[in-house]
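Please look at the sequence and structure first.

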Amino acid sequence: MSIEQREARQPWILLTPALTAVTLLLIVPLMFIVVYSFWLKSAAGADTPGFFLDNWQEALTDSFYRDILLNTLKIAAITTLACALLGYPAAYFISRSKGNKLILLVLLMLPFWISYIIRTMSWINILGVSGALNSAMIWLGIINEPIQMLYNQTTVILGLVHFLLPFMVLNIFVSLDGIDTNLEDAASSLGATRWQGFLQVTLPLSLPGLAAGGLLCFVLAAGTYITPVILGGPRDAMFANLVYEAIIRQLDWPLGSALSLLLLIVLGVLVLIYNRYLGMAQLAKGLG
Amino acid sequence: MSAVSLTQIVKRFGNFTAVYPMSLEISEGSFVTLLGPSGCGKTTTLRMIAGLLDPTEGEIAIKGKRVNDVPIHKRNLGLVFQNYALFPHKTVAENVAFGLNYRNTAKADVTRKVAEALDLVQLPDLGARYPKELSGGQQQRIALARAIVIEPDVLLLDEPLSALDANLREDMRVELKRIQQRIGVTTVFVTHDQTEALAMSDQIIVMSKGRVEQVGAPEDVYNSPATEFVAQFLGASNLLTAQCTDVSGGEMALELPGFPKIVIPRERAADGLGPGPVRLVIRAEKLHLKPLDAADDGRLSVEAIVENVDYQGQSARYFLRVGAHQLQAINMIEDHPFATGAKVSLRFRARDCAALPVESKP
């Protein structure tokens, strides 16, 4: 075998383990789901194999599913926006702090050492009827009766922001950290105030990080299942909860498959549009 | 009125003093170089003039106006960095126009001034390109154009040539000096490269460990170093401890074992130097190697042994031994360099020697 042939083969050898895992754990199950979505749940309980469009028809026409899908996208969008607004200053602060950058990054990663479910449930101890906030307010005499603050859309968003903020901060941080600090100095020397310099130089150069963080937060928020279960009320179900409902409660695997594919397709299309219009390729070209 | 005036400025970072009390007057239109090894405080001084650092003590004035409390964006300075610091997401023309946009310049004027600046740095056709599409030398020219297009009161250059290849660096050196003379802007240049400093400056400020060692024209600093540090930092010098035996009639007599008596003019000795131990300084290129049998030419002569030869083509650096002393000499090569182990007659003139006080090492 010539050196060229060996070199051409090498990437494939290195990629094989990962490709095998992706194929077995992602592609194959996905194919199963695709096939399942065209089957039909019979009244007797056993599924009827075949090519039926009933599930898809139900998923696409029932306004119940459509409303929850739109609500899911809305919650994901609000969460992403909140993460961006809260995360950017934090990322900026970390990237500009000199000696203790590492400590701050470790602190940022610290929440990942605790289970996501535990972290989400901790809000019950804070906002619950006998939680910290209510107890404190009663003790201070601000209120007489505990207020019900949990189990609404706001707490769902709160829980999601709590979960997703570190992803946003890390993505923006990586972007900001790669920006030469001389650029801000150069901008100020040319007459720009710090704020003008930030808007003209730092912000545009950190957009790729902001865009990546935004995409990650949006997709993770839109696919979330646990947060609305723990922190949401009966009317705050998100789309992933419908999939759970169909598959586990109603044992309707074909419908659940169609619903989960629908979410996958919607998110996939959104990601494509996002890439197309945020001009990430263009930005990458400018940055080289 | 000085373009820049520093009065007793000090910069401390915690317990570390980066710049000890320093005063400096930079005259309008001059090219002044802060020269010294890394960590000598030259960049810290430049950053204080720029407004990127606040002096711990002292006063900074630009064109007679105190600027200690004036933020950098209101100081009207041109700043050029070693790594160019061009805005990567803006075209060359947008980079150059950046400062003009904060100066209420009319749109037509912006276009014209950008074109003029690009002409001045001889890159008139690159306006539409992005910085990463340019070579290092081109990027540094654009950085210079961006800094001078705003007609700054002072141009501050922080090692602008250090990131360039050796050949390009020499071209840029000439180019930079040409542009500076053409527009006549007061320039403060920071470098650790003595060649750049000697070639470009009207005045050199040699710094070491946060202190100014000497201020003077390139020739003064080179020929009459004020301290041992300056003697060793600029070019190659020999430093020997000698005894001053007599000071009289505008002359100073120096003796050191193995050498003939050296009588130097009084102005070649540091002020206040009297009988006792002194440091004798002589530059490596002022020591001339001759064959042992060469005729007496009126210069002082001492026999030396060549211990090592560093051949450099047109010249050679010789490492010599005279008794207990080790010396360096740099000579042009006429036919062949002297060989290692050769005995030679080392010739020098007394007026090329200088005397400095013996420094007590801290």
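S11(B) and S12(B) make a hairpin with two residues between them, and Gly249(B) in its turn has a positive phi of about 55°. The model is predicted: local features need pLDDT of at least 70, side-chain atom pairs count only at pLDDT 80 or more, and totals for chains, interfaces and linings use all residues. Residues are numbered from 1 along each chain as its sequence is written, while chains are lettered from A and ligands numbered from 1 in the order in which they are written.

**Strands of chain B**
- Helices (H or I, at least four residues) and strands (E, at least two) are DSSP runs, numbered from the N terminus, and two strands pair if DSSP finds at least two bridges between them.
- S11(B) (residues 237-248) and S12(B) (residues 251-255) run antiparallel and are joined by five bridges.
- Within this pair, Asp246(B) is opposite Ala253(B).
- S11(B) also pairs with S14(B) (residues 276-283), antiparallel, over eight bridges.
- Here Ala242(B) faces Val278(B) of S14(B).

**Contact between chains A and B**
- Chain A contributes 17 residues and chain B 19 residues, with contact meaning C-beta atoms, placed from the backbone, within 7 Å.
- On the side of chain A, H8(A) (181-189), H9(A) (194-222) and H13(A) (280-287) each give two or more residues.
- H8(A) gives the most, with six residues.

**Confidence in chain A**
- The average pLDDT (the predictor's confidence in each residue, from 0 to 100) is 89, and 95% of the residues score at least 70.
- H13(A) has the lowest confidence, at a mean of 49, and H3(A) (residues 63-96) the highest, at 95.

Methods:
Contact = placed C-beta atoms within 7 Å.
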